[in-house]
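Hi,

Here is the model I said I would pass on.

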Amino acid sequence: MGELAVSASADDELVSIGLGSCIGLTLIDRAKAVAALAHVMLPNSAADESAPPGKYADRAVPALIAAAEQAGARRVRLEAVIVGGAQMFKLGSGSTLDVGARNTAAVRVALDAARIPLRAEQTGGSRGRTVRVHVGTARVTVKEAGGQDVALFGGARAPRPTTATGAR
Amino acid sequence: MSTDFTDLQLDALREVANIGSGNAATALAQMLGREVELAVPRALALPLADAVDAVGPADASRSAVVLPIFGDLDAIVLLLFSDADAATLCSLLGVEAGTEWGDSALGEIGNILGTSYINALASLAGVSIEPRPPHVVTDMLGAIVASLLTETAGETDIALVLDSELDVQGVACSMSFLLLPTAGGVTELLARLGMG
């Protein structure tokens, strides 16, 4: 939690277990078969400089890009998948906003700022989730509590972009 | 608040947990008509991620009763049952687990135990606090605990967890009882105990 992992080994699987309001943020370079996954807990890092790089959305995105590039990914080919951001409890404490929704929004903003396209997401709701990223096939699956792994992105037959669409 | 606690402060917090969960154990024993044993509580002050790990395996399924506490100090009381323990407890109360009645019974247990716990805390620390209605969910432990701790810890990276185990005698049924004070709540609690 708050950590990030990266792999370029086709047999590896990156996993974030038990995402509630947290976000499992995946960046994938399908052509190079490099994947990186961060377990984001909160939206903004504020003054918490000593925190692990994956903890806050605003710092997790640049840190994850750097880690993926280090492992051989090309930045322009990176695609993002996000999972989590649930609101498991409506505690009605008034001042506390929905951390899950704030996390989701903060990750989107950080991805936009880095010009990484968000290709798939399963966010919101009230259930905990586990995300698995199979590095070799770029297949991302999601399992809700008590459920089965369901494909969210990628896999062997995933379409490959044939033309550059330019920066957005 | 400071991000770390002295051993003396953690001892004081452990004692708070001991007295609070002792009160809760008594209430549970009266409710079930069985003896309830209480393990020595833990007081953990850990970085968020480690605190979540310390509570148990992230992918384990748990029924959770969440009781928000507000007033002079804000906190969350959290009761955790394994699926089997939730089923046993529900059958002791004559309802079926996983149904609306089962959830309602677990919520009521959470309400009674949580109120007993915070009553002890209130008189010990001289604070005025009240519970809000309980929420019952069944989900992955990691998702439950991380979602609550990110609420209580706010922008600090240290989460405080006061953790007790209650064991109902004569049947295989135990539960974890946790107090998760907010960052401001811990400061207030320690100040009231003369440990600030």
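**What I found**

Helix α4 of chain B covers residues 100–125, and its 26 residues reach 36 Å from first C-alpha to last, close to the 38 Å expected at 1.5 Å a residue (the expected span being 1.5 Å times one less than the number of residues). Just after α4(B), B:G126 takes a positive phi of about 65 degrees. Helices here are DSSP runs of H or I with at least four residues, strands are runs of E with at least two, and both are numbered from the N terminus.

Before you go further: this is a predicted model, where local features need pLDDT of at least 70 and side-chain atom pairs count only at pLDDT 80 or more, while totals for chains, interfaces and linings use all residues. Residues are numbered from 1 along each chain as its sequence is written, chains are lettered from A and ligands numbered from 1 in the order in which they are written, and side-chain values use heavy atoms, with hydrogens and water left out.

Staying in chain B, α2 (residues 48–55) and α5 (residues 141–153) pack at about 140 degrees with their axes 9 Å apart. Axes are lines fitted to C-alpha atoms, for helices over the stretch in contact, and angles run from 0 to 180 degrees between N-to-C directions. α2(B) and α5(B) are therefore oblique to each other (under 35 degrees is roughly parallel, over 145 roughly antiparallel, 65 to 115 roughly perpendicular, and the rest oblique). On the α2(B) side, B:L48, B:A51, B:V52 and B:V55 meet a set in α5(B) that includes B:L141, B:G142 and B:V145; contact means heavy atoms within 4.5 Å. The residues of this contact divide into nine nonpolar, two polar and no charged (Ala, Val, Leu, Ile, Met, Phe, Trp, Tyr, Cys and Pro are nonpolar, Asp, Glu, Lys and Arg charged, and the others, Gly among them, polar).

Over to chain A, which has two helices and nine strands, running β-β-β-β-α-β-α-β-β-β-β from the N terminus. Of its 168 residues, 48% count as buried (under 20% relative accessible area, with exposed over 50% and partly exposed in between, using a 1.4 Å probe and protein chains only).

The helices α1 (residues 57–70) and α2 (residues 99–113) of chain A pack at about 40 degrees, axes 8 Å apart. That makes α1(A) oblique to α2(A). A:A57, A:D58 and A:V61 of α1(A) make the contact with A:A106, A:V107, A:A110 and A:L111 of α2(A).

Cheers
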